[in-house]
2 protein chains.
Amino acid sequence: MEDRQDAYGHEIFDYLKGKPAVEVVERDDGFINAGAGAAAYFGKFKEWDASERRAMAYARGRVLDIGCGAGRHSLYLQGKGFDVMGIDLSPLSVRVSRLRGVRKVRNLSITQLEPSLGTFDTLLMMGNNFGLFASFKRARRLLRTFQRMTSSKGRIIAQSLDPYKTTDRFHLAYQKRNRRRGRMSGQVKIRIRYRGYIGPWFDYLLVSRTEMKEIVRGTGWKIGRFISSKGPSYVAVMSKERVGLVSRSLGGSNQAG
Amino acid sequence: MEDRQDAYGHEIFDYLKGKPAVEVVERDDGFINAGAGAAAYFGKFKEWDASERRAMAYARGRVLDIGCGAGRHSLYLQGKGFDVMGIDLSPLSVRVSRLRGVRKVRNLSITQLEPSLGTFDTLLMMGNNFGLFASFKRARRLLRTFQRMTSSKGRIIAQSLDPYKTTDRFHLAYQKRNRRRGRMSGQVKIRIRYRGYIGPWFDYLLVSRTEMKEIVRGTGWKIGRFISSKGPSYVAVMSKERVGLVSRSLGGSNQAG
């Protein structure tokens, strides 16, 4: 990602330097909105939504924070004694996370993750970063890759936002357009803009709980629980499927017997 | 202006209906920013900048509020007993102003103003609405039209923003580009966006005090005083030029004599 594209990174870098900073999120149908503002990405644990705070209790072992942004989750877990590595596509996010004290941060996209990074016990996708899976197909492919990057007790803690919890006519029309095009309703094509910086267009996947279950089915992961919030966002805690492995073993035994 | 273009109007209409609403301002070089947010357009007198409050003391007689928006200046002056007419290009702004109690509002652009609307004693261009003059040339043409729409004691109370009071590299580069193209440094081409609504591109003119003096010179108006703020914005109070009329009369006498 070139510097002129690093809109999100510049936003949080400016905020770190004491300037007020708000990103703009533009969707490919022309819908636009001021974002949460940089302050939200710097919030301390006690300021987080209750669902996010509860989700942290499921972290264990070596943690990979996918799309770490300004590093708020990494910093919290690092402070709790976890071995944390953050990754972010945005070069300036990596810099901001480092400046704020995250000890291990790499400038990597979710698609660049591979087993050579070592084995993790927890993969964190907070801040609606289940969205980084981008599409049904890519989600399933990456979930399989994640199998090979995680220990047998590996977990995924992933936040999403249920796109159907809206009455907004622009959103409903957009979802309909998506379905007509064979995309998931909540597969939004967006870009981040901040002052003169314009990020590249990317797909970000918002799913209902039911849709998330469909995506996960057969990838070796199972959703152990959903942690709800008062709004449309929620957190899923996934673990590795044991039942599947057992039944496959049994199947093997049966065939052999 | 079609409804789908009335981004500003929808913003303030939503806010009136109790929804949080923030407009996005996009410049033609790709620079983008979240705007002031609708709340700013609904602020009560005591919440205004001191320079705006002081400016109101110069209002007299029949008042025309040019680009009245949500009607905050019209409502204040109407409440003080002035006969006020608001105009705005945005149909929904007209509706919002009416709903809030502005008694006379018309859906008109600044370029549609003409003496048939009657004679005004005060023309108000607050909220940086000197910008509605759009360019050096159009400003001078409209200032001459304003002569014919105002009483002999007519005043213009106009707010602008000094574009040179910035160190932002995007703004400085844009100003340079403008000068290269023969435009005034602060002649910004922008559009307002709000959710799915996209306003038309328009020129908005930001000038220094010196530039404002140059624009006004020879139009029959003179700037009586500038009211400064702590920031880059300021208010000019203009009245009709008497000296010019006198010297022209003298000139006539001399030629006749």
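Reader: Which residue is the bridge partner of A:Ile87 in E5(A)?

Author: In this predicted model, A:Ile87 has A:Arg106 as its bridge partner in E5(A). Two bridges join E4(A) to E5(A), and these strands run parallel.

Reader: What is the order of the open sheet in chain B?

Author: In chain B, seven strands form an open sheet in the order E5-E4-E3-E6-E7-E12-E11, with mixed pairing. The edge strands there are strand E5 (105-106) and strand E11 (221-228) of chain B, and each pairs on one side only. Strand E4 (residues 83-87) of chain B pairs with E5(B) in the parallel sense over two bridges.

Reader: How do strand E1 and strand E2 of chain B run, parallel or antiparallel?

Author: Strand E1 (residues 24-27) and strand E2 (residues 32-34) of chain B run antiparallel, joined by three bridges. B:Val25 stands opposite B:Asn33 in E2(B). E1(B) and E2(B) form a hairpin with four residues between them, and B:Gly30 in the turn has a positive phi of about 95°.

Reader: How many bridges pair E1(B) with strand E8 of chain B?

Author: Four bridges, in the antiparallel sense, pair E1(B) with strand E8 (residues 187-194) of chain B. One place to look is B:Glu26, which has B:Arg191 as its bridge partner in E8(B).

Reader: How should I read a salt bridge?

Author: Side chains of opposite charge can pair when their charged atoms come close. Over all chains, the structure holds 24 salt bridges. One of them joins the side chains of A:Asp83 and A:Lys104, at 2.7 Å from N to O. A:Asp83 lies in strand E4 (residues 83-87) of chain A, and A:Lys104 in the loop between helix H4 (91-99) and strand E5 (105-106) of chain A, so the pair ties together parts that are 21 residues apart in sequence.

Reader: How many salt bridges are there between chain A and chain B?

Author: There are four salt bridges between chain A and chain B. Among them, B:Arg195 pairs with A:Asp168, with the closest N and O atoms 2.2 Å apart.

Reader: Which elements of chain A give two or more residues to the side that touches chain B?

Author: These are strand E1 (24-27), strand E2 (32-34), helix H6 (169-180), strand E8 (187-194) and strand E9 (197-198) of chain A. By class, that side of chain A has nine nonpolar, four polar and five charged residues.

Reader: How is the size of an interface given?

Author: It is often given as the accessible area lost when the parts come together. Here chain A and chain B bury about 1,500 Å² between them, and 52% of it is on carbon and sulfur atoms. In chain A, the residues that lose the most area to chain B are A:Ile32, A:Arg193 and A:Arg195, together 39% of what that side buries. As for contacts, 18 residues of chain A are in contact with 18 residues of chain B.

Reader: Why can one say that the copies meet through the same surface?

Author: Of the interface residues of chain A, 100% are also interface residues in chain B, so the two copies use the same surface.

Reader: What rotation superposes chain A on chain B?

Author: A rotation of 180° does, with 0.0 Å of shift along its axis and an RMSD of 0.0 Å. That is the relation of a two-fold axis. In chain A, A:Ala34 has the C-alpha nearest the axis, 2.8 Å from it.

Conventions: Residues numbered from 1 in each chain as written. Chains lettered and ligands numbered in written order. Predicted model: local features only at pLDDT ≥ 70, side-chain atom pairs only at ≥ 80, totals over all residues. Heavy atoms only, no water. Least-squares fit on C-alpha atoms with pLDDT ≥ 70 in both. Contact = heavy atoms within 4.5 Å. Buried area = accessible area lost by both parts, 1.4 Å probe. Nonpolar A, V, L, I, M, F, W, Y, C, P; charged D, E, K, R; others polar. Pairing = 2+ DSSP bridges.
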